[in-house]
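Here is a short briefing on one protein chain. Keep the sequence and the 3D view open as you read.

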Amino acid sequence: MTSIEQAPDNEWPEAWYMTEGECENQKALNKQEPNAPVSADMLRKIGIAYWNLPPDEFTYPVKSVPWDPSEAPDPKLMALRDSRGYSYADIITVHPDHLPGFDDKVKAFFEEHIHDAEEIRYIISGSGFFDVRDADDKWVRVHIKKGDLMTLPEGIYHRFTCDESDFIHAMRLFKGQPIWTPFNRPQEEHPSRQKYVDEFIAAKA
């Protein structure tokens, strides 16, 4: 089975520490002054994985729930799917014209939460932000754009939002049957959170 190496550091998306305190505009950059960048190496240390798969040569539907991942026209995406065991996929477009209740959904995405499985997103077009907590519980903002395929480990505290473009076209992948249940913070006793702490925080303390 062919495995796909992660992207080199210079291809990873831009990431930075967010301003402290309440986030008044979740779609803004929310960078510190001066900016406090976060490296690809630091993202890997908290469990993030990343590949760059330019989608321009391929065509994907605006929405397909589900979408058969075996139909992926991109051979690199197919190899990544096979090597990591992604058997389910769907495609969604987060935009006022394509997502009913857009404003409420985007607010809900921004609630801090964990999942009991790895989260995988492939950005076909558009852009947005994944915010993840580092080992010191500080917010790191990752600006994901077209061609980015990023995974978040099971149990990491995170949240998502569109940026000010209000548009992101993305593929969600999953191992087995999809379960999108968010477990909002606090979840310190949840087995997935404990697994994450053991692997990425306590082990490196």
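In this briefing, two residues are in contact when heavy atoms lie within 4.5 Å of each other. The model is predicted. The protein chain holds four helices and 11 strands.

**Helix α2 and its surroundings**
- Helix α2 covers residues 75-84, and its buried residues are L77, A79, L80 and R81.
- The cover over these buried residues includes β2 (49-52), β6, β8 and β10.
- At the start of α2, D74 places a side-chain oxygen within 2.9 Å of the backbone nitrogen of K76.
- Just after α2 comes G85, with a positive phi of about 75 degrees.

**Overall fold**
- The C-alpha trace spans about 40 × 40 × 35 Å along its principal axes.
- Buried residues account for 49% of the 205 residues.
- Take the contacts between residues at least 6 apart in sequence: 75% of them join residues at least 24 apart.

**Nonpolar cores**
- The largest nonpolar core has 29 residues. L43, I46, I48, V140, I144 and M150 have the most contacts inside this core.
- Two or more residues of this core come from each of α1, α3 (102-109), β6 (119-133), β7 (139-145), β8 (148-152), β9 (158-162), β10 (168-174) and α4 (191-201).
- A second, separate core has 20 residues, including I4, F58, A72 and Y122.
- What does I144 touch, leaving aside residues up to four places away in sequence? Its contacts are I123, G126, S127, G128, F129, F130, M150, F160 and I168.

**N30 and its loop**
- N30 sits in the loop between β1 (15-17) and α1 (40-45).
- Is N30 buried or exposed? N30 has a relative accessible area of 16%, so it counts as buried, because the cut-off is under 20%.
- The N30 side chain reaches the backbone oxygen of N25 at 2.9 Å.
- Beyond residues up to four places away in sequence, N30 touches W16, Y17, M18, T19, C23, N25 and R141.
- P34 is also found in the loop between β1 and α1. A cis peptide bond joins E33 to P34, with omega about -5 degrees.

**Aromatic rings and charges**
- The count of aromatic pairs comes to nine.
- Y60, W67 and Y122 make up one aromatic cluster.
- K31 has its charged end over the ring of W16, 4.6 Å from the ring centre.
- R141 lies over the face of F129, at 4.2 Å from the ring centre.

**Backbone points to check**
- The bond from R185 to P186 is cis, with omega near 10 degrees. P186 belongs to the loop between β11 (183-184) and α4.
- D137 is not a glycine, yet has a positive phi of about 70 degrees. D137 lies in the loop between β6 and β7.
- How accessible is D137? At 33% relative accessibility, D137 counts as partly exposed.
- D166, a residue other than glycine, has a positive phi near 55 degrees. D166 is in the loop between β9 and β10.

Note on methods:
Residues numbered from 1 in each chain as written. Predicted model: local features only at pLDDT ≥ 70, side-chain atom pairs only at ≥ 80, totals over all residues. Heavy atoms only, no water. Buried < 20%, exposed > 50% of the residue type's maximum accessible area, 1.4 Å probe, protein only. Polar contact = N/O pair within 3.5 Å; in protein donor to acceptor, adjacent residues only side chain to side chain. Core = buried A, V, L, I, M, F, W, Y, C linked by side-chain atoms within 4.5 Å. Phe/Tyr/Trp six-rings, centres within 6.5 Å; stacked < 30°, edge-to-face > 60°. Lys NZ or Arg CZ within 6 Å of the ring centre and 35° of its normal.
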